[in-house]
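Here is my note on the model, as numbered points. Please read it with the structure open.

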Amino acid sequence: MGRVLVWLITAISFLAVSHQPAASEPKHAIAMQGEPVLPPDYTHFNYVNPDAPKGGSITYCVVGSFDNLNPFILKSLRTTARGMMDTIFGNLVFEPLMQRNADEAFTLYGLLADSADMDPERKSIEFHLSPKAKWSDGQPVTPEDVLFSYDVYTEKGRPPYSDRMARVAKLEKTGDRSVRFTFNEKADREFPLIIAMTPIIPKHAFDKQTFDRTTLKPVIGSGPYTIAQVQPGQRIVFKRNPDYWGKDVPAKRGFDNYDQITIEYFLNANAKLEAFKKGLCAIDDDGDPVKRERDLDFPAFHKGDVIAETFNTGIPPVVTGFLFNTRLPKFANPVVRRALGMLYDFEWANKNLFGGKYTRTMSYWQNSELSAIGHPADDREKALLAPYPGRVPADVMDGTYRPPVTDGSGQDRRVLKAAFDLLKSVGYHVQNGTMLDPDGKPFGFEILTASQDEERLAGIYQRTLEKIGIDLTIRSLDGDQIQSRKQRFDFEVLVGSSGFNNSLSPGIEQTGRWSSAAARTEGSFNLAGVADPAVDAAIEAMLRARSKEDYVAAVRVLDRLLISGNYMVPMQHNTQQWIAYWNYLEHPQKTPIFGYQLPSWWRKPN
């Protein structure tokens, strides 16, 4: 009997072990879809010059102000200083566990963590910290720093950092240099990559009790630069850390080539442009092709001291337009928003303001396979939309939707009548030249603008709306005021990009932009106040998709719903990136799919 019992225990133990999931292996990179392009022994990203000379200085110029050096908190009277962790100028101070490759749709390579174990079901991921990773004060990056970062973000941080732990069942230290995240049922397949991209902060350098207070005291990070000088609202100077731990990490080779980086702040775009002409600013990136040709008419450009160049990208264009705050009753009806969307005269603007060099924006993922434009809904999409009948018009479903095309005269009566008839169908009417809503009250709204260019575009819209009796007022505010109003959702209509720069791998950021939960969260990027169960379901399907076909279908459904919801009046785009720069700068020959990368540029040696 004893032998039988021993045999049974042994057999049961063997079966238990044999049925455990196969252990994952540490990998140098993780990809959202498929496998990483670069092998484990890669030496650098393919769009950098790994031997770029180091040295010299550069000054970037921006419009706005700042009064805070902590980018992870909500409380800030103005804004956080640029460069702390910046998609344009680079993550100079704070770094994530893994670094994104700008020449792949969504793949991350080792940085603070030199490898990661992610189980096939993506229910957990374990990061192995590099033994070389150090903070700028020389102390090592530890698992305790990772645990502290998520603890303080959850209790004192701002969205989206404050929301991360809601999807984590357990965060634990698993070794001297390793931490494991185990996810709960709220997590999706993208979430391990979001965790890998989240910046980590040093436990010993931050006080949890005061973390949510703004600070101008230089903070400690693991990045290639330290803060050398702070003039609140005017200037911040970063100096290269000569002891930067990551200079030989493959994901960082060819980057961070200046000894000093200065970011100067200006009150408006005109002042910034004049500073560029005088040589104070190294670059200018005006998006208006007509304006930039005019602005380049100065001696340094004609002499060849300033170079103008365009770069081609492989990503969907940034969506710019007039964005409605649908929390307000006047914009609650999508039919009203659709009518208002018909009244932006792109053809007139393109001919008279942009020299015919722009294309009308119609989709949030235009020029890609993720777009609804030109792609009829397939069976997968129809199944996702089945619980929400009638939400998407037929022309958006079959991919033939196009916004109205005017004759370019600025007074196309045919389009004006179509928009008027749509408003009339929901109870609006004109009396004594004034558009009245169904309650008989004058219908109008205010657009907030932050620059002369935005004011000019709003003026075009204003002239058209006046033709059918809609009273549009334009209020110009500085960048800080606009940001404050955005955080409180205290506006009627905004003009600008509103942060909708979409990628070839949309993911959890769409929750922050369009979900019902974000619509109720102050400080979120859901400025339009979109609160639609169909949109929530599309985002959920996108995040849980396991095949490329399911993923593409979910994103197209989201695109169809956003187009149909008329939350924004899309304007125009030019997919080329344009930049003017002083000729002491050089850049790599290859441009990745995400466009030029300023952190990979360098200054010519003297």
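1. Three strands form an open sheet in the order β14-β25-β15, and their pairing is antiparallel. The edge positions belong to β14 (283-284) and β15 (306-311); each has a single partner strand, so one side of each lacks a neighbour in the sheet. Strands are DSSP runs of E with at least two residues, helices are runs of H or I with at least four, and both are numbered from the N terminus. Two strands count as paired if DSSP finds at least two bridges between them. β14 and β25 (residues 577-582) are joined by two bridges.

2. **Basis.** This is a predicted model, in which local features need pLDDT of at least 70 and side-chain atom pairs need pLDDT 80 or more, while totals for chains, interfaces and linings use all residues. Residues are numbered from 1 along each chain as its sequence is written, and side-chain values use heavy atoms, without hydrogens or water.

3. **Strand β2.** β2 covers residues 57-63, and five of its seven residues are buried. Here buried means under 20% relative accessible area, exposed means over 50%, and partly exposed is in between (1.4 Å probe, protein chains only). β2 pairs with β13 (residues 260-266) in the parallel sense, over seven bridges. Threonine 59 stands opposite threonine 262 in β13.

4. **Disulfide.** How many disulfides does a search of the whole structure find? The search finds one. The cut-off is a pair of cysteine sulfur atoms within 2.5 Å. Cysteine 61 and cysteine 281 form the bond, with sulfur atoms 2.0 Å apart. Cysteine 61 lies in β2 and cysteine 281 in the loop between α4 (269-277) and β14, so the pair ties together parts 220 residues apart in sequence. The torsion about the S-S bond of cysteine 61 and cysteine 281 is about -95°, so the disulfide is left-handed. Both cysteine 61 and cysteine 281 are buried.

5. **Salt bridges.** The count is 31. The rule asks for a side-chain nitrogen of Lys or Arg within 4 Å of a carboxyl oxygen of Asp or Glu. Glutamate 121 and arginine 546 form one, with their closest N and O atoms 3.4 Å apart. Glutamate 121 sits in the loop between β6 (113-118) and β7 (124-129), and arginine 546 in the loop between α16 (533-544) and α17, so the pair ties together parts 425 residues apart in sequence. Glutamate 121 is partly exposed at 44% relative accessibility.

6. **Two further pairs.** Glutamate 35 meets lysine 27 in a salt bridge at 4.0 Å, N to O. Glutamate 35 is exposed, at 58% relative accessible area, whereas lysine 27 is partly exposed, at 41%. Arginine 488 and aspartate 490 meet at 3.0 Å, N to O. Arginine 488 is partly exposed at 42%, and aspartate 490 is partly exposed at 34%. A network of salt bridges links Glu446, Arg475, Arg485, Arg488 and Asp490.

7. **Second largest pocket.** Its volume is about 450 Å³. On a 1 Å grid over the protein atoms alone, a pocket is an open set of points with protein on both sides within 12 Å along at least five of seven lines; a cavity is a set where a 1.4 Å probe fits but cannot get out; lining residues have an atom within 4 Å of a point. Points are joined across faces, edges and corners, and a volume is the space filled by probe spheres set on the points. This pocket has 24 lining residues, with Arg338, Tyr401, Ile563, Ser564 and Asn566 nearest its centre. Elements giving two or more residues to the lining are α7 (334-341), α10 (394-397), α17 (548-565) and β23 (568-570). α7 gives the largest share, four residues. By class, the lining has 15 nonpolar, four polar and five charged residues. Nonpolar means Ala, Val, Leu, Ile, Met, Phe, Trp, Tyr, Cys and Pro; charged means Asp, Glu, Lys and Arg; the others, Gly among them, are polar.

8. **Cavities.** There are three of 30 Å³ or more. Among the residues lining the second largest cavity are Tyr47, Phe311, His587 and Trp601.
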